[in-house]
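Here are my notes for you, with the sequence and structure alongside. Take the points one at a time and find each residue as you go.

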Amino acid sequence: MYAAASGLDLGLGIFLLPAWLVAAVTVGLQPGRRTAGRMRRMSRIALVLSAVALLLTAARLVAYGLLARHGWVFVGDRRLFTTFVMLLPGVIATVVWTVPWLASAARVRLPDRDAPVPLEEQSRARSPRHVVPPRLAAFGGLGCCAQMFLPPDRSFWISLGAYGLLTAAVAGLLVWRAGVRLQRLSTGREIPRRRALAVRLGTAVVVLGTVVGLVNHGIADSRLPHTFSMMKGEADWGGGPAGQHHDMAGGHHMASGTGGADEVSVDELRGPRSGTPDRRFSLTAQAKKVKLASGRTVDAWTYNGQVPGPHLRVTEGDLVEIELRNELPGKTPVTIHWHGVDVPNGEDGVAGATQDAVLPGKSFTYRFRVQESGTRWYHSHQAASEQVDRGLFGALIIEPKKQTRPVDKDVSVLAHDWQTDKGTVSAIGALDELERRRAEPGEKVRIRLTNTSGHTREFAVDGVPYKVTALDGTDVHKPTALKGKKLVLGGGNRMDVEFTMPDGPVRVTDGSAPDAGIVYSPDGKGELKADLSGPAFDPYGYGSPKRTELGPDSDFDRDYKLVFDEWLGFYDGSFGMKQTINGRVFPDTPMLMIKEGDVARVTFVNRGTEDHPMHLHGHHMLVLGKNGKRASGSPMWQDTVLVRPGEEVQVAFKADNPGIWMDHCHNFWHSKLGMVMHLAYDNVTTPYEIGGPVGNKPE
């Protein structure tokens, strides 16, 4: 419902302007009709166009009512302001004065259609009370359209003053022009044609020059600096006491508070430098043409020449060492981020924050001890919107020390969208066609679903009852059997599904590739149609409650509120739909400042029209509830929380892993358009910067 109402509001915000503009122009043409018949016909046309504009305005008010059902925050700022302050005065005046006059003029009975229009009727047609209202409404429509270009966090009173002055100026101009026309009509004097043409041409030049100037200014002003600190935005202390606040590039103080903890560089927050690793891997980034199962070709960037990258499997407690080598062409740098693993900050793999990206011909070694278990994955965090799309990702499975649910088959399903020689193709790994596999009846099967793309995906498991046993790699407490559900995963999310193989076939399907997937059967030849028509699985009420260290009633040291919007504008020299956090885009988004040991609550509010899977590095978040309703099932510990349009989701976490941590939408295209912020411990600094000779680009 919210998506439909928001889409309706967006469409109406665009179409209200031309609707009212056409109606205003048509009403303004009335005085120029020289015969009574033409004036009546024009009156009818103007009446119909005004009615259409009025209906669109009424539809927008209905859309606001639908949005308000999700909470005042979804309608209470710029939407209501531009409509009620700018649009409705002109609309009401049109209903009171213009529409009755048009209706009267449209019903007039004409003895002679070709008779000239009486002077008195022309005077009525030129009356400001008839002509000005639809023009004011058109100006209000301009405001409704312009709101998409305005940051949603600007002060109401500043906007009110600016809009008020502009409205008064435009209204005064319209009234003045109407007065000039009346005076010209009463005196009979006409403005010389050349003079009128010069005035119009001059006005057009001024308007065009202003638009071009604003566009050029927007392009130049939006360009990001060549080099800047990852922590350039304004500090948000979540309502708690402020500590130290640094210019995080180099650790120079911008301001000081009541902190006082010793400064620590991210380079000091590394994994063990000594000791023989329990597992050692080598990953080489290289370009390679890869064929999918269908034969389609991908110009891929790979780890070790394969897509997805090598399947890394370790055990809880292992000391892991991974050497990254870069053999990509040109000057393309890379990193590796361990998605969902709470590694020490210096091992997090974020270019410009925790390290410099690795240039071709160079290498970097990650070392960390895994203190958790479950389904994780890894991917590049340098220009990720391109590099992950092209194949720089793979599965990372951390086995528990003590296996409580042994299985016979443990399968990783990494769903991805590939850019092939025949267009975009959705696949499970490199499988873009249906694959059949053998599984004996009675075998225990675990499917580790992973969404490696940015958009939300839906999966289905057909042919058998199953349990969802883990969310983002964390076990679900006392899961129950499911059947016929759609399993919804935001970008970066994981979900473990377990079942006992029956006598018949079982199918695992990604809704983005309904003709592909995996079919298990005893003979390896099974047939089963995918069914994605079922209701969505609700993790908020699934499983059984369990006592946790954090909860909705905890005492929170920090309380952050993050509102997601989208609005048209310039970003880094390009024009598009910017993705904002509290009205800002990176690097001006909030820095969530925190002290070690703090307990924090974060409220995510999605006022946009697209899903936002919010991923916090280095920490797991306990999902407290959604839309004012507390989670009632198994505790949901996630590193990536899906916030859909119209939703308000609350999470909590403990600040127990010092560092400078990226916190961003895991739709990397949204990150590229500004939806990036950071969680920064008050005493941690970094020597790294965005840009520079390496070209660090963390999105």
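Which residues form a nonpolar patch on the surface? Read on for that one. A word on the model before we start: it is predicted, so to speak of local features we need pLDDT of at least 70, side-chain atom pairs count only at pLDDT 80 or more, and totals for chains, interfaces and linings use all residues. Residues are numbered from 1 along each chain as its sequence is written, and side-chain values use heavy atoms, leaving out hydrogens and water.

1. The patch is made by Ile92, Val95, Val96 and Trp97, which together have about 360 Å² of accessible area. (Patch members have over 30% relative accessible area and no salt bridge, and nonpolar side chains are joined within 5 Å.) Val96 sits in helix α3; helices here are DSSP runs of H or I with at least four residues, and strands are E runs of at least two. Val96 counts as partly exposed because its relative accessibility is 48%; buried is under 20%, exposed over 50%, and partly exposed in between, with a 1.4 Å probe and protein chains only.

2. Now the rings, where the count comes to 12 aromatic pairs. Rings of Phe, Tyr and Trp (its six-membered ring) pair if their centres lie within 6.5 Å; planes under 30 degrees apart are stacked, over 60 edge-to-face, the rest tilted. Tyr2 and Phe74 have ring centres 5.2 Å apart and planes at 65 degrees, so they are edge-to-face. Tyr2 is in helix α1 and Phe74 in the loop between α2 and α3, so the pair ties together parts 72 residues apart in sequence. Both Tyr2 and Phe74 are buried.

3. Look next at Trp377 and Phe393: with centres 6.4 Å apart and planes at 80 degrees, this pair is edge-to-face, too. Trp377 belongs to strand β12 and Phe393 to strand β13, so the pair links parts 16 residues apart in sequence.

4. What about the inside? The largest nonpolar core has 75 residues, and Phe604 is one of those touching the most other members. (A core joins buried Ala, Val, Leu, Ile, Met, Phe, Trp, Tyr and Cys residues through side-chain atoms within 4.5 Å.) Strand β36 gives the most to this core, with five residues. A second, separate core of 25 residues includes Trp338.

5. Finally, Pro310 lies in the loop between β7 and β8. At 13% relative accessibility, Pro310 counts as buried.

Notes. Patches are made of residues with over 30% relative accessible area and no salt bridge: like charges are joined within 9 Å, nonpolar side chains (Val, Leu, Ile, Met, Phe, Trp, Tyr) within 5 Å. Accessible areas come from the Shrake-Rupley method with a 1.4 Å probe; for residues, only the protein chains shown count as cover. A salt bridge is a side-chain nitrogen of Lys or Arg within 4 Å of a carboxyl oxygen of Asp or Glu.
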